[in-house]
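Subject: Structure for your review

Hello,

Here is the structure you were going to look at. My notes follow below it.

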Amino acid sequence: MKFYLGTHRPYWLRYSQFKDIPLFVSDRTLRKYKNLPESITEWACDSGGFTELSTYGEWKTTPHRYAARVRRYMDNIYGFQWASPQDWMCEPWILEKTGKTVTEHQELSIKSLANLRTLSSDIHWVPVLQGWERDDYLRHWEMYEQAGFNLESESIVGLGSVCRRQATKEAEWIVKSLQPLRLHGFGMKKTAIQNFGSLLSSSDSMAWSYGGRMKPDPNCPKKSCANCEHFAIDWYNSVINIKYKEELSLF
Ligand SMILES: [Zn+2]
């Protein structure tokens, strides 16, 4: 599984210590940069939907604007891999904020992919599956098929909204049900990677940042390690060294 280290600091892209670490950078942080950061590593672009929908209950950023920004990033920042669409996550508290149903969020997520691919067909926009119950995800897969998207032929399919309850068996069941799709798990915790990391192609997380704030390294001169390179790299190494449950059970 390829792991993208989430960061609020896009200029890490040019730091030599991140050369072999794929980074996950949100459009929300990147768009504030007048001069885009230089880069020496691979990275993927997150649309920042969780913040946008939980703050406004809708996407304030138009597809045109978003596509234009990602184009600028792709053309100017080395190592761009793919970008998430303006998808609609399905956590109950997000639905409450938007006033829409799971089905509506799923339709809007497909619409966003279709829009972005029409606007900029040379950018790698990944389809994202959304839902809450397992059957929601399976239905969403079918909805993509009906809309003309063959998810099995996609090199990456994002898996949204499982991060809030990924310690539970249900998240694992969802991931198993979605095989053989090449899934990217958004915002995965270590326990989730342990439990079903072998079934994911890739994932990302910023969980280290919270950890760095709550339990900073006592040797660090800073009060908080929420944005410390050393803390992020140690955490990244611990993630890529996780032994998957399936592998352990072989012994
Ligand atoms: Zn620190």
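A donor here is an N, O or S atom within 2.8 Å of the metal. Please bear in mind that the model is predicted.

Zinc site. By that definition, the protein donors of the zinc ion are SG of Cys220, SG of Cys225, SG of Cys228 and NE2 of His230, at 2.1 to 2.4 Å from the ion. The angles subtended by the four donor atoms run from 104 to 113°, which makes the arrangement tetrahedral; the cut-off for that call is that all angles lie between 85 and 135 degrees. Along the sequence, the donor residues follow the spacing C-x4-C-x2-C-x1-H. Cys220 sits in the loop between helix 9 and helix 10, while His230 belongs to helix 10, so this pair ties together parts that are 10 residues apart in sequence.

His230, at 31%, counts as partly exposed.

Helix 9. This helix covers residues 207-214, and its buried residues are Trp208, Ser209 and Gly212. Viewed down the helix axis, they fall within an arc of 100°, so they line one face of helix 9. Tyr210 and Met214 are exposed on the other side of the helix. What do the buried residues of helix 9 pack against? Their partners are strand 1 (2-7), strand 8 (202-205) and helix 10 (229-240).

Regards

Technical notes. Residues numbered from 1 in each chain as written. Predicted model: local features only at pLDDT ≥ 70, side-chain atom pairs only at ≥ 80, totals over all residues. Heavy atoms only, no water. Buried < 20%, exposed > 50% of the residue type's maximum accessible area, 1.4 Å probe, protein only. Helix = DSSP H or I, 4+ residues; strand = E, 2+ residues; numbered from the N terminus. Arc of directions from axis to C-beta. Contact = heavy atoms within 4.5 Å. Donors = N, O, S within 2.8 Å, 3.2 Å for Na, K, Ca; no water. Tetrahedral: all angles 85-135°; square planar, octahedral: opposite > 155°, others 65-115°.
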